[in-house]
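Dear colleague,

Please find below the structure that I am handing over to you. My findings follow directly after it.

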Amino acid sequence: MDKKERFQIAKQNVLKRFPRAVTLADSRGKFYVEQDGVDICNKEMNKAVRRGAGFVELDLIRQVKHSDTILEAWLNAESMIIANRIIESNTERFSDEKISNKNNLEG
């Protein structure tokens with residue numbers, strides 16, 4: 001599979017989840033994929049900022065760097081869709097509330 005085919009597959013996969021996603025360049029000329037003003041690869045950071053997280057919490061969130069090529073930007077976005085799905089499902093599964101309820105039932 002050549003780079004063009006891989007790019008098309010990655011872009012198609014991202015557009016399934018984010019139909020209005022586009023490629024943008026930052027002030028340093030690095031590329032990233034965003035939808036509605038939100039960097040797809042750094043959605044967790046954006047969510048934390050919107051809910052008013054402090055510097056300590058923001059420091060714990062790993063930020064994905066912008067890419068040198070458009071291909072890398074779309075590959076990163078494709079990978080982060082999978083990572084975000086895992087993060088969201090584990091966050092729900094292992095929420096503080098569920099763990100405390102389970103501990104109260106066992107105790």
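The model is predicted, so local features need pLDDT of at least 70 and side-chain atom pairs count only at pLDDT 80 or more, while totals for chains, interfaces and linings use all residues. Residues are numbered from 1 along each chain as its sequence is written, and side-chain values use heavy atoms, with hydrogens and water left out.

Overall fold

The protein chain contains 5 helices and 3 strands; these are DSSP runs numbered from the N terminus, with helices being H or I of at least four residues and strands being E of at least two. Their order along the sequence is α-β-β-β-α-α-α-α. The chain has 107 residues, of which 25% count as buried. Here buried means under 20% relative accessible area, exposed means over 50%, and partly exposed lies in between, with a 1.4 Å probe and protein chains only. Of the contacts between residues at least 6 apart in sequence, 53% join residues at least 24 apart, a contact being heavy atoms within 4.5 Å.

The cavity

The search of the whole structure returned 1 cavity of 30 Å³ or more. Cavities and pockets are found on a 1 Å grid over the protein atoms alone: a cavity is a set of points where a 1.4 Å probe fits but cannot get out, a pocket is an open set with protein on both sides within 12 Å along at least five of seven lines, and lining residues have an atom within 4 Å of a point. Grid points are joined across faces, edges and corners, and a volume is the space filled by probe spheres set on the points.

The largest cavity has a volume of about 40 Å³. Its lining includes Phe-31, Tyr-32, Val-33, Cys-41, His-66 and Asn-76. β2 (31-35) and α4 (70-93) each give at least two residues to this lining, and the largest share, 3 residues, comes from β2. By type, the lining comprises 6 nonpolar, 3 polar and 2 charged residues; Ala, Val, Leu, Ile, Met, Phe, Trp, Tyr, Cys and Pro count as nonpolar, Asp, Glu, Lys and Arg as charged, and the others, Gly among them, as polar.

His-66, one of the cavity-lining residues, sits in the loop between α3 (55-60) and α4. His-66 counts as partly exposed because its relative accessibility is 24%. Beyond its neighbours within four places in sequence, the contacts of His-66 include Asp-26, Lys-30 and Asn-42. His-66 and Cys-41 are 25 residues apart in sequence, with 8.8 Å from C-alpha to C-alpha.

The largest pocket holds about 200 Å³ of space. Among the residues lining this pocket are Lys-43, Glu-44, Met-45, Arg-51, Met-80 and Ile-87. α2 (43-50) and α4 are the elements that give two or more residues to the lining, which divides into 5 nonpolar, 2 polar and 5 charged residues. Within α2, Lys-43, Met-45 and Ala-48 are buried.

Glu-88 belongs to helix α4 and, at 26% relative accessibility, counts as partly exposed. Leaving out residues up to four places away in sequence, Glu-88 touches Arg-17, Lys-43 and Lys-47. Glu-88 and Glu-44 are 44 residues apart in sequence and 9.7 Å apart in space, C-alpha to C-alpha.

The aromatic pair

The structure holds 1 aromatic pair. The ring centres of Phe-7 and Trp-74 are 6.3 Å apart and the planes stand at 85 degrees, so the pair is edge-to-face. Rings of Phe, Tyr and Trp (its six-membered ring) pair if their centres lie within 6.5 Å; planes under 30 degrees apart count as stacked, over 60 as edge-to-face and the rest as tilted. The two residues are 67 apart and link distant parts of the chain, Phe-7 being in helix α1 (residues 3-17) and Trp-74 in helix α4. Trp-74 counts as buried, at 1% relative accessibility.

Backbone angles

Asp-36 is not a glycine, yet has a positive phi of about 55 degrees. Asp-36 lies in the loop between β2 and β3 (38-39) and counts as exposed, at 54% relative accessibility. Gly-52, which follows α2, also has a positive phi, near 85 degrees.

Yours sincerely
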